[in-house]
Amino acid sequence: GQVEEIERVAAMGFRGVGIDAGWLRRPLYHDDPVFDPIYAKCQELGMIVSLTSSFMLGPDLSYSEPCAIQRVAMKYPNMKIVVPHGCWPHVHAALAVAIRCPNVYLMPDCYIYIDGFALSDEYIKAANTYLKYRILYASSYPVRSLSQCLRGWKSRGFTDEALQNTLYDNAARLLGEKEDASKIQSEELFLITRDDISMPEKEGKKEREAGTAKKELDEIKKQH
């Protein structure tokens, strides 16, 4: 069965498996219970799981909505997930899922390197700032030639740091060849300056404790 096959390829040195649920003969959502034994085994073995998601997969756009991936990521928090095509066109929701779930990496590929796609700048903004450790480059070959894909990616508005992260460092982190940056990412996302934590009151200002927002989010995660 599938679980035994995962064990076999893991023993051969393979690092991950890919699931295109919307392209199955009977299309499924990524959180369908039929996949649970696969996810459980991948988490156990430390295998990366690729969940392809975009408007091209499935009978309708509901199959590319990021909520199904969020449910999988939260059910299997120690399983790293990459999302080829980045759930386009559900860009804002996909970015929100990646913020909420530190085990989710987005791979927007052709929706960035082909200029003109709606909302592509949102992925770039995320890679430059609040999700800079979990956006990955991919060619999605043969959509275009490998050289075209890379040129297109580099031509967009990435910072030098973001190019280094998306083209190499984030993949190295995903594969365990560099230190996992999810904790750093969380700390940077909720970095609160002295001005930010000043709360106006009748008799002046009262400062909130630094890190309050992050603590509140952590509490929400524990409840769910």
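L119 is partly exposed, with 35% relative accessibility; for these labels, buried means under 20% relative accessible area, exposed over 50%, and partly exposed in between, with a 1.4 Å probe and protein chains only. L119 is not a glycine, yet its phi is positive, at about 70°. It sits in the loop between α5 (110-113) and α6. Helices here are DSSP runs of H or I with at least four residues, strands are runs of E with at least two, and both are numbered from the N terminus.

Some housekeeping. This is a predicted model, in which local features need pLDDT of at least 70 and side-chain atom pairs count only at pLDDT 80 or more, while totals for chains, interfaces and linings use all residues. Residues are numbered from 1 along each chain as its sequence is written, and side-chain values use heavy atoms, with hydrogens and water left out.

On confidence: pLDDT is the predictor's confidence in each residue, from 0 to 100. The protein averages 87, and 80% of the residues score at least 70. Over residues 192-208 the pLDDT is below 50, and this stretch has 20 contacts in the model beyond near neighbours in sequence; a contact means heavy atoms within 4.5 Å. Where pLDDT is low, the predicted coordinates should not be read in detail.

Back to the backbone. C87 also has a positive phi without being glycine, near 65°. C87 is in the loop between β3 and α4 and is buried, at 2% relative accessible area. In that loop between β3 and α4 (91-100) lies P89, and the peptide bond from W88 to P89 is cis, with omega near 15°. Another cis peptide bond joins Y141 and P142, with omega about 15°. P142 belongs to the loop between α6 and α7.

Next, the rings. How many aromatic pairs does the structure hold? There are 10, counting rings of Phe, Tyr and Trp (its six-membered ring) whose centres lie within 6.5 Å; planes under 30 degrees apart are stacked, over 60 edge-to-face, and the rest tilted. One of them is Y39 with Y76, a tilted pair at 5.7 Å centre to centre and 55° between the planes. Y39 is in helix α2 (residues 36-45) and Y76 in the loop between α3 (67-75) and β3 (81-84), so the pair ties together parts 37 residues apart in sequence. Y39 is buried at 0% relative accessible area, and Y76 is buried at 8%.

The rings of Y137 and W153 have centres 5.1 Å apart and planes at 80°, so that pair is edge-to-face. Y137 is in the loop between α6 (120-128) and α7 (146-154), and W153 is in helix α7, 16 residues apart. Y137 is partly exposed at 21%, whereas W153 is buried at 0%. Separately, ring pairs link F55, W88, Y111 and F117 into a cluster.

Two packed helices are described by the angle between their axes and the distance between the axes. For α7 and helix α8 (residues 160-174), the angle is about 150° and the axes are 11 Å apart. The axes are lines fitted to C-alpha atoms, for helices over the stretch in contact, and angles run from 0 to 180 degrees between N-to-C directions. That makes the two roughly antiparallel, the label for angles over 145; under 35 is roughly parallel, 65 to 115 roughly perpendicular, and the rest oblique. L150, W153 and K154 of α7 meet L163, T166 and L167 of α8.
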